[in-house]
Amino acid sequence: RGGRVLVLARTKELVQQNHDRYVDIDPEGYKRAGIYSAGLNLRMTKERVIFASVQSVCKRMDELGKFNLIFADEAHQIPRNEDSQYQQLIRDAREISPSCRFWGCTATPYRLDCGVIHGSTQLFHRMSYNAPLGVMFDRGYLTKPETLDVDQVDLSGVSKSAGDFNKEPVDYQTNSYL
């Protein structure tokens, strides 16, 4: 309806994939959509729908102009840290486009540092749609998990941080068995 949309992703591969899927379903996609990604060596700024990497546009929102909607793929990766690239981008977008809306998509609407990513004090005020895992398995969107037999690994000497094993000692422990 004449508005502009910015679709954000964290990697150049996701930027390209999201752009390609959009063009596949929109007959006018090649005319409407552009990519702004240093990793893909593309800096398109005038299109109605721009697919971009956060790293490429976080300090360049003024080059892109106004947006009506900013869509964040993998929205759970948006940190609350005010100094982050995402938060800088959000501040700049709100300054340029005060009525811009934010919409996010994620399979994991939760962050260890702040809990659920929606609510009155969050960037996303509410969850619009929730697809239960059982439905996703039944419809073939996800592969049902299987339990596999594995050799037991002794992790008694590996420390934990935030409930997860620290990666470096686990890599060492795992590689020592190979």
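Asparagine 41 is exposed, with a relative accessibility of 63%; exposed means over 50% relative accessible area, buried under 20%, and partly exposed in between (1.4 Å probe, protein chains only). The model is predicted: local features need pLDDT of at least 70 and side-chain atom pairs count only at pLDDT 80 or more, while totals for chains, interfaces and linings use all residues. Residues are numbered from 1 along each chain as its sequence is written, and side-chain values use heavy atoms, with hydrogens and water left out.

**Residues with positive phi**

- Most residues other than glycine have a negative phi.
- Asparagine 41 is not a glycine, yet its phi is positive, at about 60°.
- This asparagine 41 lies in the loop between E2 and E3; helices (H or I, at least four residues) and strands (E, at least two) are DSSP runs, numbered from the N terminus.
- Glutamate 74 is likewise not a glycine and has a positive phi of about 55°.
- The loop between E5 and H5 holds glutamate 74, and this residue is partly exposed at 29% relative accessibility.

**The sheet and its strand order**

- Strands of a sheet pair through backbone hydrogen bonds, either parallel or antiparallel.
- Six strands make up an open sheet in the order E3-E2-E4-E1-E5-E6, and their pairing is mixed; two strands count as paired if DSSP finds at least two bridges between them.
- At the edges of this sheet are strand E3 (42–43) and strand E6 (101–105), each of which pairs on one side only.

**Strand pairs in the sheet**

- Strand E1 (residues 5–9) runs parallel to strand E4 (residues 49–53), and five bridges link the two.
- Within this pair, valine 5 stands opposite valine 49 of E4, and alanine 9 has serine 53 of E4 as its bridge partner.
- E1 also runs parallel to E5, to which it is joined by four bridges.
- Here leucine 6 faces isoleucine 70 of E5, and leucine 8 stands opposite alanine 72 of E5.
- E5 and E6 are parallel as well, with five bridges between them; aspartate 73 has cysteine 105 of E6 as its bridge partner.
- Four of the five residues of E1 are buried, and this strand is mostly covered.
- E5 is largely enclosed by the rest of the structure, because four of its five residues are buried.

**Helices packed on the sheet**

**Salt bridges**

- Side chains of opposite charge can pair when their charged atoms come close.
- The structure contains six salt bridges, a salt bridge being a side-chain nitrogen of Lys or Arg within 4 Å of a carboxyl oxygen of Asp or Glu.
- One of them links glutamate 63 and arginine 60, whose closest N and O atoms are 3.7 Å apart.
- In that pair, glutamate 63 is partly exposed with a relative accessible area of 40%, and arginine 60 is partly exposed with 33%.
- Another salt bridge joins arginine 91 to glutamate 82, at 3.2 Å from N to O.
- Arginine 91 is partly exposed, with a relative accessible area of 41%, and glutamate 82 is partly exposed, with 47%.
- Aspartate 138 and lysine 144 also form a salt bridge, at 3.9 Å from N to O, and both of these residues are exposed.

**A nonpolar surface patch**

- Tyr110, Leu112 and Val116 form a nonpolar patch on the surface, and together they have about 330 Å² of accessible area.
- Patches are made of residues with over 30% relative accessible area and no salt bridge: like charges are joined within 9 Å, and nonpolar side chains (Val, Leu, Ile, Met, Phe, Trp, Tyr) within 5 Å.
- Accessible areas come from the Shrake-Rupley method with a 1.4 Å probe, and for residues only the protein chains shown count as cover.
- Valine 116 belongs to strand E8 (residues 115–116) and is partly exposed, with a relative accessible area of 40%.
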